[in-house]
Amino acid sequence: MVVSFPVQIIFAQVKCVKAKSRKDGMLAIPIAAEQLTRNLAAWRRVVGAAIVILVNPDDLSARWVNIKPEEATTSSQILVPEDQPFDSHAKLKIRQLCGTLHHDLQAQKIHTFADDFPHLRSKEHIQKSSRRLYKELDAKPIYIGVPSQRVHFDRDGWRHITRPDRSQLSKYQSFVLLGAAREILENCSKPLSDLYSGKTDDKQYIFFQLDSMVTFPFRQTGLVRIVLRGLSQEPASKPNLKFWTIYEPRRKHDGLGVQEPRHP
């Protein structure tokens with residue numbers, strides 16, 4: 001069975017059997033060891049989530065388990081938590097197993113080239129060379145959206161990506177990605193209303209968010225996010241757009257976009 005959320009796919013195996021209740025709060029579904037080994041190999045190959053749904057044949061209540069982790073099975077049993085019902089509340093947990101891969105693949109595709117990253121070939125410290133590139137981005141106007149709006153790269157945006165409480169590696173990532181900023185913005189043909197992402201708590205500023213799948217000449221492809229800022233009291237159709245930040249939202253996530261526990 002394949003269950004589909006918007007832009008997400010979940011592979012599901014339904015078992016309608018009476019399962020044995022264990023002392024640890026698990027329901028054990030018996031299955032031949034050879035068959036379980038074969039099924040696990042198939043489940044763990046799928047891209048996205050794979051779950052087993054256990055249906056009680058007496059009352060048709062259902063529970064579910066993420067089948068990919070090793071702790072979900074023994075040599076001849078599938079272990080389903082009794083306190084994990086397959087109901088409307090399960091939707092969010094299951095969606096988190098899917099990651100963001102299917103959503104990310106719908107982002108605009110951007111190709112960058114070596115000439116887009118002169119600051120990375122400079123002999124200067126990367127913050128100095130990135131500052132020079134940042135000024136160039138503002139000196140040669142960049143326009144975004146339909147109708148086109150100019151994006152300004154001002155002092156506030158630079159101060160935001162270099163603020164003291166930001167980690168060195170996060171700053172470094174933004175410096176590197178600045179080389180892709182022009183291509184990302186100039187290739188966006190969406191109206192600003194499609195990029196709206198919210199306001200500050202005091203309602204003073206409004207934010208617009210643009211995600212792009214970017215290919216680089218020196219590293220793997222990645223999802224890059226640019227956030228723009230404007231004053232909320234300005235006309236919504238034509239705000240004074242200013243660069244706010246650029247980063248990779250999927251850092252610390254696995255290949256599917258699922259955030260997993262990490263250890264130093």
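A search of the whole structure turns up 0 disulfides. The model is predicted. Cys-16 is partly exposed, because its relative accessibility is 46%. Cys-188 has a relative accessible area of 6%, so this residue is buried. Salt bridges are present: the structure holds 10.

**Overall make-up and confidence**

- The protein chain has 6 helices and 14 strands.
- The chain has 264 residues, and 42% of them count as buried.
- Among contacts in the chain with a separation of 6 or more, 61% join residues 24 or more positions apart.
- Mean pLDDT for the protein chain is 88, and 89% of its residues reach 70 or more.
- Where pLDDT is low, predicted coordinates should not be read in detail.

**The sheet E3-E4-E7**

- An open sheet is built from 3 strands in the order E3-E4-E7, and the pairing is antiparallel.
- Its edge strands are E3 (20-21) and E7, each pairing on one side only.
- E3 and E4 run antiparallel and are joined by 2 bridges. Lys-20 has Ala-28 in E4 as its bridge partner.
- E4 (residues 26-30) and E7 are also antiparallel, with 5 bridges between them. Here Ala-28 has Leu-79 in E7 as its bridge partner.
- Ala-28 therefore links to both neighbours: it is the partner of Lys-20 and of Leu-79, because two strands pair when DSSP finds at least two bridges between them.
- How much of strand E7 is buried? The count is 4 of its 5 residues (residues 77-81), so E7 is largely enclosed by the rest of the structure.
- In a regular strand, side chains alternate between the two faces of the sheet.

- Helix H1 spans residues 33-43, and its buried residues are Leu-36, Asn-39, Leu-40 and Trp-43.
- Viewed down the axis of H1, these buried residues fall within an arc of 100°, so they line one face of the helix.
- On the other side of H1, the exposed residues are Glu-34, Thr-37 and Arg-38.
- An α-helix has 3.6 residues a turn, so residues three or four places apart point the same way.
- Ser-75 sits in the loop between strand E6 (62-66) and E7.
- Is Ser-75 buried or exposed? Its relative accessible area is 59%, so Ser-75 is exposed.
- Leaving out residues up to four places away in sequence, Ser-75 touches Ala-33 and Leu-36.
- Ser-75 and Leu-36 are 39 residues apart in sequence, yet their C-alpha atoms are 7.7 Å apart in space.

**Salt bridges**

- Arg-22 pairs with Asp-24, and the closest N and O atoms are 2.5 Å apart.
- Both partners are partly exposed: Arg-22 has a relative accessibility of 30%, and Asp-24 has 48%.
- Arg-150 forms a salt bridge with Asp-138, with the closest N and O atoms 4.0 Å apart.
- Arg-150 lies in strand E10 (residues 149-152) and Asp-138 in helix H4 (residues 126-139), so this pair ties together parts that are 12 residues apart in sequence.
- Arg-150 is partly exposed, with a relative accessible area of 26%. Asp-138 is partly exposed too, at 24%.
- Glu-186 and Arg-182 meet through their side chains in a salt bridge of 3.3 Å, N to O.
- Where do Glu-186 and Arg-182 lie? Both are in helix H6 (residues 168-186), 4 residues apart, about one turn of the helix.
- Glu-186 has a relative accessible area of 40%, so this residue is partly exposed.
- Arg-182 has a relative accessible area of 17%, so this residue is buried. The cut-off for buried is under 20%.

Note on methods. Residues numbered from 1 in each chain as written. Predicted model: local features only at pLDDT ≥ 70, side-chain atom pairs only at ≥ 80, totals over all residues. Heavy atoms only, no water. Buried < 20%, exposed > 50% of the residue type's maximum accessible area, 1.4 Å probe, protein only. Disulfide = S-S within 2.5 Å. Arc of directions from axis to C-beta. pLDDT = per-residue confidence, 0-100. Contact = heavy atoms within 4.5 Å.
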